[in-house]
Structure formats: structure tokens, C-alpha cells
Amino acid sequence: MAIKLGITGGIGSGKSLVCRLLEVMGVPVYISDAETKQLMVADFSIREGLVALLGENVYADGVLNKPLLASYLFGDPGHARQVNGIVHPRVKEDFRRWVQCHDVFPVVAIESAILIEAGFAGEVDVVVMVYAPEEIRIERAVRRDSSSRELIEKRVRSQMSDEEKRRQADFVIVNDGEAPLIPQVLELIDSLSKKSGCLSRRQAPPQR
């Protein structure tokens with residue numbers, strides 16, 4: 001069975017860059033944000049649940065009504081829990097199927113900004129946090145999203161703190177613009193090799 005990595009980190013930390021490096025090194029990556037967006041349109045159970053919660057207008061001509069969903073999500077903290085209760089179980093099932101389809105690989109990964117908050121830490125063997133100082137993350141996100149600093153700061157505050165993520169992570173990759181990334185990703189792969197004995201022998205993954 002493949003060793004499953006969970007790649008997480010706050011907005012602007014550089015999760016996607018780390019995941020691209022992993023893919024270059026032969027590690028398939030499940031991008032949870034992209035897959036979730038597809039499932040919210042294609043999965044009947046999710047569609048049925050969202051319609052029951054928000055009404056028929058949540059889908060227009062088969063397309064998710066994102067402004068309606070967003071207004072509901074930000075209207076009350078409890079609303080996000082309701083939507084997540086509909087969506088996250090199906091994403092977990094989809095990830096498990098994806099892992100089975102990629103079982104020929106010794107290591108696979110999932111990228112998720114809310115890996116820990118959404119309960120996906122239990123789906124992986126190793127939690128990897130991508131870390132960057134908050135000010136750097138904010139500057140990156142403002143440039144990347146062409147957004148206001150105020151909005152990005154609000155998104156940062158809505159996420160789990162870096163300190164808490166660090167406490168729950170098994171491995172930390174620093175992406176502050178100074179520490180080279182490739183040696184850190186290679187160190188991660190090497191540490192997995194040592195923990196499992198030898199990846200090529202396909203031994204059981206380390207237990208958390």
C-alpha cells in the first residue's frame with residue numbers, strides 16, 4: 001500500500017509549489033480544492049444535499065451557483081459546518097478511490113489547506129506542513145489573487161494558526177524565499193524511505 005502524504009499550510013505558504021516538486025519526483029498528488037469543485041457539480045449525493053439545504057437555485061443549468069453558496073457560507077459560522085458535512089465525506093471517499101487507483105506508486109499525496117480542520121489527517125500517514133512567515137504569505141496571496149490586503153488578512157485569520165499546524169505536523173517544509181525547497185523535499189522523501197525500510201520493497205507505511 002502506498003504511503004500517503006498530507007500536504008497542508010496556510011494561504012500563500014507555497015503548498016502548490018511543493019506539490020509540483022513532488023510530482024516532478026514521481027509522486028502523484030490529489031489536489032483537494034480542484035477535485036472538490038468537480039465533485040460539487042458531478043456528485044449526485046452532494047448535489048442532493050446542497051439542494052435540500054439551499055434550494056434549487058444553488059444550481060443553475062447544472063452549474064453551481066457560487067455567489068449564492070458563498071453568501072450562505074459567510075453568513076454564519078455554522079453554515080460552513082453544514083456544507084462541509086455534505087461535501088467532505090464524499091471527498092474522502094473519492095480520495096480513497098484515487099489512492100487505490102494509484103497503488104502502484106510507493107508514495108502518493110493530497111494537498112489541502114484545511115487538511116487537519118476537515119478531518120483528513122486520519123486519511124494520511126504523514127502530515128507535511130509548508131510554512132512561511134505570515135507577512136510573506138500575505139504579500140504572496142495579494143499578488144497572486146490580485147486581492148486587497150484586508151481580504152487576505154481576513155482569510156488568514158479564518159484558518160488554523162501556523163503554531164497549531166506545526167504541533168500536528170510530522171514534517172515541516174520552510175518556504176520563506178531563502179531556504180531552498182528541493183533539498184527539503186528530497187529530505188522528506190529520504191525520511192519516508194528510512195521509516196518504511198525501503199520504498200521499493202513496498203513495505204507497510206509508518207503508523208502515526
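**Cysteines and salt bridges**

Tutor: The sulfur of C101 lies 19 Å from the closest cysteine sulfur, in C19, which is too far for a bond. A disulfide is a pair of cysteine sulfur atoms within 2.5 Å, and by this rule the count is zero.

Student: What should I keep in mind about the model and its numbering?
Tutor: This is a predicted model, in which local features need pLDDT of at least 70 and side-chain atom pairs count only at pLDDT 80 or more, while totals for chains, interfaces and linings use all residues. Residues are numbered from 1 along each chain as its sequence is written, and side-chain values use heavy atoms, leaving out hydrogens and water.

Student: Is C19 buried or exposed?
Tutor: Buried means under 20% relative accessible area, exposed over 50%, and partly exposed in between (1.4 Å probe, protein chains only). C19, at 2%, is buried, whereas C101, at 63%, is exposed.

Student: How many salt bridges are there?
Tutor: Side chains of opposite charge can pair when their charged atoms come close. With a salt bridge taken as a side-chain nitrogen of Lys or Arg within 4 Å of a carboxyl oxygen of Asp or Glu, a search of the whole structure finds 14.

Student: Which residue forms a salt bridge with E93?
Tutor: E93 pairs with R90, their closest N and O atoms being 2.8 Å apart, and D43 is linked with R90 and E93 in a network of salt bridges. E93 is partly exposed at 32%, and R90 is partly exposed at 24%.
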